[in-house]
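Let's take a walk through this complex together, one stop at a time. Please have the viewer open beside the text.

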Amino acid sequence: MSTPTAKRLTGHGLAVGLPPRWEGRIYRRVIDAGTGQPGRLQATGWPGENSYPVLHLANFALPASRGDYGTGAVELMGPDHLFVALLEFGPDCLGSALYAPVGIPRIRPGQFNPNGMQRRVAGQAGFQHFFTEAGRPFCLYVVIGSHRQAVQLTQQANAVLEQIEVSP
Amino acid sequence: MTASLAERIVNRLAVHADRPRTSRRGFLGGATLVGAALVVSPWRYLTRPASAYDAVCGAHNTCAEGYTVFCCTINGGNNSCPPDSFIGGWWKADNSSFCGGNARYYIDCNAYRDGRYTCHCNTTTCDQRRVACNQFRYGQCNTQIPWSQTGPVLCRVVSCTPPWVQYGGTCSSSSATDNNTATHSAPCLTGKVPVGVVEEISASGNTVHIKGWAYDPDSPGTSISVAIYQDGKGLMGIHASLPRSDVNSSRHITGNHGFEVRFTASSGQHNFTVFAMNIKGGSGNPRIGSKTITVNAGTAPLGHLDSCNPVGDSVVLTGWAFDRDAPSTSIAVNIYQDNKPLMGIHTGVLRSDVNSAYHISGTHGFKVQFKATTGAHNYKVWAMNVGGGTGNTLIGNHSLIVRGAGTTAAPAAAVAPAGIRTAELTVDPAGNAVGELESVSAAGTSVRLVGWLPDTGGEPAVAVHEDDQVLHWYPVPGPSRAGRRGFDITVPAGTGLHTYSVYALAPNSTAGTDATDLPLIGQRTVRVNQSGAVGVLERVQRIGDTVRLTGWASDPDRPGRRLALTVFRDGVALSRHQTDFSPDRDGGFDISIADLPGVHTYTVYAAPSDPGAPPTLIGARTLAESEDEADDPQVVSV
């Protein structure tokens, strides 16, 4: 019996080897700010607004409509599910106190918090960490489907975090 | 993001999972909110099976649904961060009906991690979302506050104005999106946003003028503030509290709602945007006007190369230059020799005549002496632009022959000072004369230009430029005398100072009248049709240790009246004199003053007959060090 080959997802200077039964997306939203002139719609942002790459990973099927921090997806999670969001921010964040930690973190089970979520969903728990990797500022946000299974799910989370590569 | 089959299946499931759920409290109290629901979200209220509460407060309005409350719900109706909280980040929902189809921005107010606020559910309105519960941060604002000091999201501010504009310097423009929150709202957000008009955004020089009016329909008798942004960054907030009876009359409101402000901005293109600041309900502070204007479009520098003399094995350049955009500032002057950069200097010599003529202050003269190899050289002198305007100004283009150490200056190659200019003989690099502008004189509203071109066969012409603009070209038919064809041209002129440049057009030339490749044979600045004295500095001679200045000056409005004269040497007042109206002098002057060694510029001013009027520049002349008893050409009055 052969070992399943990990799928590799790359884009926008990000890469990740996906474990079996995981899926992921790397995207960067298009901002159609129009001309910025009065009377013209800025339907998806204003002139000057900058989008940066976002990486979503999940061990369940990701819906198409997701917030950058996973709303629309986390509501669908079962107790065994994991959702990982990695958001990049602009270079003006570099060197700030919030983004001072360096490197993609590894998570301890005790760091998951039922209130540590953008939108609290009963039973779930979240973990958030701001850091800089390869000269790029990021926020890592991880949601586990069941706080009671934090130990097991943390292992899975760290395993997939191990696969993330950031290019300068 | 393209939906896969799995995603489409999941989406179908998500519709059911995310079905609107209304609380019992909301259902029982909903009747009172039907009117508000119709106002806030009529299409949603009339077409979807939702309660009035649901329509007013949008989806996920219960505490159990896990989202955070709006700030206006818990902050006395104010759509702003409560005390002891900070803006931690933001996201947007696209295509929002709350913002006229534009993106709608949600700004998280985070508590500090100090226990000041405790987690609870709001119960005062249908916005029963969580207060200070979710330990989460979006991450674009106040990034100087580390995660270790970041407490839970206390509440959310909502706005149609992007946070990096509304909170310039606090938030970055790194975008984050969550369209799942698009319908979230609260009763305190259902008011109207302010309205207003920016009637003027203009600039005069470096002064920007912004004017308009604004008020909040939720409190139409109260003056509100407007925020002015320059290039996307907050500049100032002012009160719209000036009386505007026209606005009150047309809008049927009371109070004072006008605003007008003048302030200084740096030169260049700037965008100015004005936002009306909300004081009651409604989400956001709408942009009521925006315009990109050029502040102080500026002008190119002015200046003149007054003298360009070979002195032995050296060349002496004198002149002046300044930039009207920074009239008291010394500017750089770049010198090119034979079309190659030679040196850069700064003006730094006082030129009272220039200051007087242009009503400016500062030291705008320059004088530089440098070694040059024997032979013909061309010198181009550029005044370097500062402030507004584009480009640098060519203030002198002169050719001369350096004859080496032990020789004296060639008087014919001397360039006279601006304002009053002596005749000038221009030579080509081989030392051949290409023409001479002998005089430029103003009479009434006309200016007369007299000079000659060498007769090389055929019919040459001259191109006349006024203030660097092509005026016309004129044939120089002759007759030819002693190898020269004279020209005597009269052109109409407007009142004020004008600089005339005359360029030679060779016979059968196919060149245009653009000055780029034409030899300049003379340049003069004259004052046209302005009251005050007129006169001529006819001759400046060095006789031993004395310099003798002769000429005449008179006020046409007061003929026969003596005029006070002041002589300047290198811009410094030296002595005072009077014109002589004895029968044989007729306003003449004959002044002798002690000379000093070196190259000096002598300038004569006539005092005005009317107190307060500026003195009149009668003439100026630069004497080279060895220019004893030089046979000075005619000097032209202004």
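This is a predicted model: local features need pLDDT of at least 70, side-chain atom pairs count only at pLDDT 80 or more; totals for chains, interfaces and linings use all residues.

**A guided walk through the complex**

Strands E8(B) and E9(B) form a hairpin, with 2 residues between them.

E8 of chain B covers residues 225–230 and E9 of chain B covers residues 233–239. The two strands run antiparallel to each other and are paired over 6 bridges. To pick out one of the pairings, find B:Tyr229: across from this residue, its bridge partner in E9(B) is B:Gly234.

Next, move along chain B to an open sheet. Here 3 strands are arranged in the order E13-E14-E17, with antiparallel pairing. Which strands stand at the edges? They are E13 (302–311) and E17 (365–371) of chain B; each has a single partner strand, so one side of each is left without a neighbour in the sheet. From one strand to the next, the twist averages 15 degrees.

Within this sheet, look at the pairing between E14 (residues 314–322) of chain B and E17(B), which is antiparallel and extends over 7 bridges. A handy landmark is B:Thr318, which has B:Lys367 of E17(B) opposite. As a reminder while you trace these strands, side chains in a regular strand alternate between the two faces of the sheet.

Is A:Thr71 buried or exposed? Its relative accessibility is 1%, and therefore A:Thr71 counts as buried, the cut-off being under 20%. Leaving aside residues up to four places away in sequence, A:Thr71 touches A:Ser65, A:Arg66 and A:Gln118 in chain A, and B:Tyr67, B:Asp178 and B:Asn180 in chain B.

Finally, a look at confidence. Chain A has an average pLDDT of 90, and 90% of its residues score at least 70. Residues 35–40 of chain A are below 50, and this stretch has 9 contacts beyond near neighbours in sequence.

For chain B, the average pLDDT is 77, with 79% of the residues scoring at least 70. Among the elements of chain B, helix H2 (residues 24–29) has the lowest mean pLDDT, 27, while strand E4 (residues 130–131) has the highest, 96. The pLDDT is below 50 over residues 1–53 of chain B, a stretch with 72 contacts beyond near neighbours in sequence. For the complex, the predictor gives an ipTM of 0.93 and a pTM of 0.48.

Definitions and conventions. Residues are numbered from 1 along each chain as its sequence is written. Chains are lettered from A and ligands numbered from 1 in the order in which they are written. Side-chain values use heavy atoms; hydrogens and water are left out. Two strands pair if DSSP finds at least two bridges between them. Helices (H or I, at least four residues) and strands (E, at least two) are DSSP runs, numbered from the N terminus. Axes are lines fitted to C-alpha atoms, for helices over the stretch in contact, and angles run from 0 to 180 degrees between N-to-C directions. Buried means under 20% relative accessible area, exposed over 50%, partly exposed in between (1.4 Å probe, protein chains only). Contact means heavy atoms within 4.5 Å. pLDDT is the predictor's confidence in each residue, from 0 to 100.
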